[in-house]
Amino acid sequence: MPGAPPPAPLIQDLWRGISRENPVVIQMLGMCPTMAVTNLVANGIAMGLATTFVLVGSGIFVSLFRRHIANEVRITSYILIIATFVTLADMILAATFPVISKALGPFMPLIVANCLLLGRAEAFAAKVKVTRALVDGLGMGLGFTLSLTVLSTLRELLGRGTLLGQPVLGAGYEPWVFMVLPPGGFFALGLLLLAVTWVRGRRARRSPAR
Amino acid sequence: MTGHHHHGAPALPAEPARQVPAWRLLLTLAVAGGASGALVVTVYRLTLPAVQRFAGQQVESAVREVLKSPARWDTLYLIGGKLVAIAPDASDKRELPQAYVGRNAAGAPIGAAITAKEPGFQEELSLMIGFDPASGTLTGIKVLEEKETPGLGDKIETDSGFGAQFRERVAPLHGIKGRSPAASDEVQTITGATISSRAVIRIINNALARWRPLLLAYDKQAARPPSWCPARRPRRR
């Protein structure tokens, strides 16, 4: 298959999405939900896990049917598979965690427009066996969840003085409301990217051979 | 197409010879669409009871709150500009505008609750409003849904002092700033959330203007003894 990912142990397929090819801090994909729902930790985690569910589900099905889906209709088919899983995730969340579902609002159905999903389907799942597609989806999803959790922790802690709704910084702390507003999202993402770039830069300087 | 190979550079890889017939493309999409539809409909039907239960609970706790714990309440449906106690078809009941008439243990009406939704500062703001239809006096309000600015506009929901003001106020309400309310139709707006506060007041005023005549008309046509009108209540001597 042209452009098929080189063979790799499963653990690498898993780890890639969490670290070296992290969707948010490295690939810079899915910025819309990243900005929109990271004002609270609960929302960030829920969005991350919902996206993981869709990544894994759509990855499995794209991989399962990769020999049956003709090239001409592949994008349509992938989007259909992704949209199905997004709709399922949306309905299941509404039935199990209605409060979080309400908080995520329109961003839940909008997962379908997250280019991370079509990206993984086209670049990875369509070219590998089911187990690799599953593990890759899991890794990318966990990487996405991790980034969203870090961002929302920073924003909720500074913006409200709470974590998962529990007061942490005490009554004396005057919350930076700015952090839970949209500009605070950009500010927090900037800080996170700065930290990641700095760490990667240090690492690259230490082992220039790689 | 194959004739090109004799004249062109033979080293170039040939075009993919396999041309997928149109019916196969159609079949792929039809099967995928059908499977997807079946799955979505199945899960929708499985999750619907839980979703409706949650919506019912939300309404229930809000009615209890704004009517100050009524012993029970009747649900009225608005059909063709009139309130009726029994909706004709049970299946579309949820879609109809509803009013909840709270009653005390003796069965006497203690107020009505309705939901109202209008634009706030950012998005639609939805309220549960409890009031006495005869006098227009509010018994309480609750914000059901808001997406106002966190830390500013959302104080209409998080600042309990703001919501508590609406008890025993008489509509139409007026928002005031910087001083304590003096008259019975005055409500103090929140500093930094003036627009959201005014939206709450506007929604209440519009909702009462719409629902009071409906509830009074319902009461007049209903044959049952309990009445909104204190004058028509049986007097005990």
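What percentage of the 237 residues in chain B is made up of buried residues? The share comes to 27%, where a residue is buried if 20 or more other C-beta atoms lie within 10 Å of its own, exposed if 12 or fewer, and partly exposed in between, with C-beta atoms placed from the backbone. This is a predicted model, in which local features need pLDDT of at least 70 and side-chain atom pairs count only at pLDDT 80 or more, while totals for chains, interfaces and linings use all residues. Residues are numbered from 1 along each chain as its sequence is written, and chains are lettered from A and ligands numbered from 1 in the order in which they are written.

Chain B is built from five helices and eight strands, taken as DSSP runs (H or I over at least four residues for helices, E over at least two for strands) and numbered from the N terminus. Starting at the N terminus, its elements go α-α-β-β-β-β-β-β-α-α-β-β-α. Two residues count as being in contact if their C-beta atoms, placed from the backbone, lie within 7 Å. Of the contacts in chain B between residues at least 6 apart in sequence, 52% link residues at least 24 apart. Chain B also has a cis peptide bond, from B:A171 to B:P172, with omega near 0°. B:P172 sits in the loop between α4 (160-164) and β7 (174-176) of chain B.

Now for where the chains meet. Chain A puts 21 residues into the contact and chain B puts in 19 residues. On the side of chain A that touches chain B, helix α4 (residues 74-96) of chain A provides the largest share, ten residues. That side of chain A splits into 14 nonpolar residues, six polar and one charged; here Ala, Val, Leu, Ile, Met, Phe, Trp, Tyr, Cys and Pro count as nonpolar, Asp, Glu, Lys and Arg as charged, and the others, Gly among them, as polar.

Next come the cores. A nonpolar core is a set of buried Ala, Val, Leu, Ile, Met, Phe, Trp, Tyr and Cys residues joined through C-beta atoms within 7 Å. The largest one holds 49 residues, and A:A50, A:V54, A:V62 and A:I82 have the most contacts inside it. At least two residues of this core come from each of α3 (41-64), α4, α5 (98-104), α6 (115-123), α7 (130-160) and α8 (182-206) of chain A. The top contributor to this core is α4(A), with eleven residues. Another core, of 38 residues, lies apart from it and includes B:A112, B:A113, B:I203 and B:L208. Leaving out residues up to four places away in sequence, A:I82 touches A:V54, A:S58, A:V112, A:L117, A:L118 and A:A121.

With 31 residues, α7(A) spans 43 Å from its first C-alpha to its last, close to the 45 Å expected at 1.5 Å a residue; the expected span is 1.5 Å times one less than the number of residues. Because 22 of its 31 residues are buried, α7(A) is largely enclosed by the rest of the structure. In α8(A), 25 residues reach 37 Å, close to the expected 36 Å. Its buried residues, including A:G184 and A:L189, pack against α2 and α7 of chain A.
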